[in-house]
Amino acid sequence: RSWGEFIREKLYTPVFWGRMSRTIRNFDALSINDLRRDALAIAEAGYASIRTDAVIQSKVQVSGDGLSIDGKTYSLAGRNVYFVGVGKCAVAAAREIEELLGGTLKGGIALDVSTGKETGLIRTTIETHIGTHPLPSEANERAARRIIEFLSDRTENDLVLMLISGGGSALLSFHDAPMTYADESELFKELTSRGAPIQDINIVR
């Protein structure tokens, strides 16, 4: 059996497509032959495997008074639970955590490049802040200050779920004087213009 036949058997099924909405919106228009259709289906499957909602659902479960995250269990009994998310997956993760924990979740903050409010991604339990990426900004710094303020009110008995996703190093921007977000932006531009890899840029950050 060929690889293409395997892909068509596994991916072109109602069960598969029932679990995943089309990411490539012009999928059918691009699928002008079997090879292109196979390549697009593989790309769709890759997107499905890294969707934030799917990852949260597979890693985080609630059972009674226990919260399990990737196999490690935390007690929820008598505790307030909060969420702080930073990065380009923060709002999507916040939505899933709200759905999962319901009234157990007392509050939180999500700092993202979009609030997702226009698509109803998040309810009112978690504050949403819009920042910039890849360059830091005053908005990022204000949000970072708000996160520090929010966390400073927590106690030892509180449980804080912290999610950091792609873009977090630029979004969670908080500088000691005389350094400013504008200085970091100029430094980022200089490093990237000279071909510095992201690993080295993050070391400087």
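At 12% relative accessibility, Glu96 counts as buried (buried is under 20% relative accessible area, exposed over 50%, partly exposed in between, with a 1.4 Å probe and protein chains only). Glu96 also forms a salt bridge with Arg95, with the closest N and O atoms 3.1 Å apart; the term means a side-chain nitrogen of Lys or Arg within 4 Å of a carboxyl oxygen of Asp or Glu. Through shared partners, salt bridges join Arg51, Asp53, Arg95 and Glu96 into one network.

A quick word on the ground rules. This is a predicted model, where local features need pLDDT of at least 70, side-chain atom pairs count only at pLDDT 80 or more, and totals for chains, interfaces and linings use all residues. Residues are numbered from 1 along each chain as its sequence is written, and side-chain values use heavy atoms, leaving out hydrogens and water.

The salt-bridge count comes to twelve, and the table shows some of them.

| Pair | Closest N to O |
|---|---|
| Glu96 and Arg95 | 3.1 Å |
| Arg95 and Asp53 | 3.8 Å |

Take Arg95 and Asp53, which pair up in a salt bridge. They link distant parts of the chain, 42 residues apart: Arg95 sits in helix H6 (residues 90-101) and Asp53 in helix H5 (residues 52-59). Helices (H or I, at least four residues) and strands (E, at least two) are DSSP runs, numbered from the N terminus. Arg95 is partly exposed at 22%, while Asp53 is buried at 11%.

Lys59 is partly exposed at 37%, and Asp70 is exposed at 57%.
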